[in-house]
There are 2 protein chains.
Amino acid sequence: MAEGRRERADAARNRQAILRATEELLAQYRPEQVSMERVAAAAGVGKGTVFHRFGSRLGLMVALMQERAYALDEAVTNGPPPLGPGAPPEERLMAFLDAVAELVGRNKGLLAALGHAATASRPEWREQGAQAGQVEDCAQGSPDDHPVYRFWHGHTSTLIAERRPELDAELLAHILLGSLQSEPVLRLLERGESARLAASLRVMAAAMLAAPAPS
Amino acid sequence: MAEGRRERADAARNRQAILRATEELLAQYRPEQVSMERVAAAAGVGKGTVFHRFGSRLGLMVALMQERAYALDEAVTNGPPPLGPGAPPEERLMAFLDAVAELVGRNKGLLAALGHAATASRPEWREQGAQAGQVEDCAQGSPDDHPVYRFWHGHTSTLIAERRPELDAELLAHILLGSLQSEPVLRLLERGESARLAASLRVMAAAMLAAPAPS
DNA sequence: CGCCCATCTTGACCGTCGGTCCAGTTTATT
DNA sequence: AATAAACTGGACCGACGGTCAAGATGGGCG
């Protein structure tokens, strides 16, 4: 947000207007109904401005998500236990899963929009993609691996590895967190049952961290 | 496929051509590069024919998915243990997760395309959706709750409930299976590591079915 | 205060998409 | 062979994400 030169005052005002308009629309309509034009109109700016500020639909959604997730990131990094450092891994994991479930529950629309945006194609890529074929990634960074998910995954994965180093913590963390993006779970969240989700997440995580080898 | 009247011979031929073209394209290009026009062209038919046969992009993908998943469904319902009926729940679950991971590994492109298609909006809905606001589902059936997923979820959920009736089997099954649709996992599959996925899925499931109350 | 240029804004424009439509063709039945 | 139903294809539609060049604006500096 503050790299290189400062942002002009009107630009900053518009950035806020766009962000606020986006979250309002996302709270009211399904993500695929929230087009960039609509966002622009709701924010009272031109479409070009939105793209100038955020680069793309994905950029907009990621920016909004980062804003929403900032408090949790802070609490995990510098806050008091059990969320912050100090508590034993399993307690931190439980607290974190609870917090994530709650955060996601308050931002279902945004989550869905992120998934939707990550899917979208860039017109310029069509040609070369058609040539190269196969699924190899263009850049080494993956499209929807936005910073928020990266942080969540890193944290979860670290906690798992701390307690059960013999497991595939990386992948298990993906499985645990990946469920947050799945349609059926999102639908559950829309019915307000984020507590139910948190409970089941805890069950899975607790069982996973429990006995070293049940067989 | 065979409800009401029979399908005309040329229609059946075209249906096959479209299905085959779709899977070929899906194996070669990223799902968002596989447009309906391209499918039609590759199949040697008009675009209208594709829509007449399958209704929509989602319809096409679901049809293809059903075809691919048929063998597994059969094995689970009527096959020999441990996949089919007869073995204890945990063994059936493990076998099923292995089979699903392998199936998904062989069809990553299709899975991704399904997710992509489920997201797409129907033009007719735009208006009413904009009025009604909020996220309430249009029909009671959910968009991407295609029969294949429904079956997988039902099976998984039943097996969990059989062994651990006190748990929220429904939701746990969604979490387990939902991971198959998540971007990071799909990327793993693209690198051919479906065995690694299966292993971690087993770990999670086994831990979950193990001790009644670890606390 | 007023100048000036980097920064910002704008909306017409582009190519593509999923989906519709119907005039014309093909198939199966009698 | 005739006919009704099923099927076909591609022009067409509205909307989308994204681009761009020309004009407006803000703010640091003389």
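Trainee: Which elements do the buried residues of α6(B) pack against?

Mentor: This is a predicted model, and the packing partners of α6(B) come from both chains. Chain B gives α1, α4 (57–78), α5 (89–105) and α10 (183–190). From chain A, the partners are α6 and α10 (183–190).

Trainee: How many residues of α6(B) are buried?

Mentor: A residue counts as buried if 20 or more other C-beta atoms lie within 10 Å of its own. In α6(B) the buried residues include B:Lys108, B:Gly109, B:His116 and B:Thr119. The helix is largely enclosed by the rest of the structure, because the number buried is twelve of the twelve.

Trainee: What span does α6 of chain B reach from its first C-alpha to its last?

Mentor: The helix covers residues 108–119. At 1.5 Å a residue, 16 Å is expected for its twelve residues. The model comes close to that, with a span of 17 Å.

Trainee: Is A:Ala69 in α4(A) buried or exposed?

Mentor: The buried residues of α4(A) pack against α1 (9–28), α2 (36–43), α3 (47–54), α5 (89–106), α6 (108–119) and α8 (147–163) of chain A. Among the buried residues are A:Arg57, A:Leu58, A:Met61 and A:Leu72. A:Ala69 is also in that group, so by the cut-off of 20 or more other C-beta atoms within 10 Å it counts as buried.

Trainee: Where in chain A is the cis peptide bond that ends at A:Pro82?

Mentor: The bond runs from A:Pro81 to A:Pro82 and has omega near 5°. In chain B, the bond from B:Pro81 to B:Pro82 is cis with omega near 5°, and B:Pro82 sits in the loop between α4 and α5 of that chain. For A:Pro82, the place is the loop between α4 and α5 of chain A.

Trainee: What is the secondary structure of chain A as a whole?

Mentor: Along the sequence, the pattern is α-α-α-α-α-α-α-α-α-α-α. Of the 215 residues in the chain, 39% count as buried. Among contacts between residues at least 6 apart in sequence, 64% join residues at least 24 apart. The secondary structure comes to eleven helices and zero strands.

Trainee: Which element gives the largest share of the surface near DNA strand D?

Mentor: In total, 27 residues surround DNA strand D, and the closest are A:Ala9, A:Ser35, B:Val45, B:Gly46 and B:Gly48. The elements giving two or more residues are α1, α2 and α3 of chain A together with α1 (9–28) and α3 (47–54) of chain B. By class, the surface has seven nonpolar, eight polar and twelve charged residues. The largest share, five residues, comes from α3(B).

Trainee: And which element gives the largest share near DNA strand C?

Mentor: Of the 27 residues around DNA strand C, A:Gly46, A:Gly48, B:Ala9, B:Ser35 and B:Gly48 come nearest. The classes are eight nonpolar, eight polar and eleven charged. The largest share is four residues, from α3(A).

Trainee: Why does B:Leu159 count as buried?

Mentor: B:Leu159 lies in helix α8 (residues 147–163) of chain B. Beyond residues up to four places away in sequence, B:Leu159 touches B:Pro89, B:Arg92 and B:Leu93. The cut-off is 20 or more other C-beta atoms within 10 Å. B:Leu159 is buried because its number of such atoms is 23.

Definitions and conventions:
Residues are numbered from 1 along each chain as its sequence is written. Chains are lettered from A and ligands numbered from 1 in the order in which they are written. This is a predicted model: local features need pLDDT of at least 70, side-chain atom pairs count only at pLDDT 80 or more; totals for chains, interfaces and linings use all residues. Two residues are in contact if their C-beta atoms, placed from the backbone, lie within 7 Å. A residue is near a molecule or strand if its C-beta atom, placed from the backbone, lies within 6 Å of it. Ala, Val, Leu, Ile, Met, Phe, Trp, Tyr, Cys and Pro count as nonpolar, Asp, Glu, Lys and Arg as charged, and the others, Gly among them, as polar. The expected span of a helix is 1.5 Å times one less than its number of residues.
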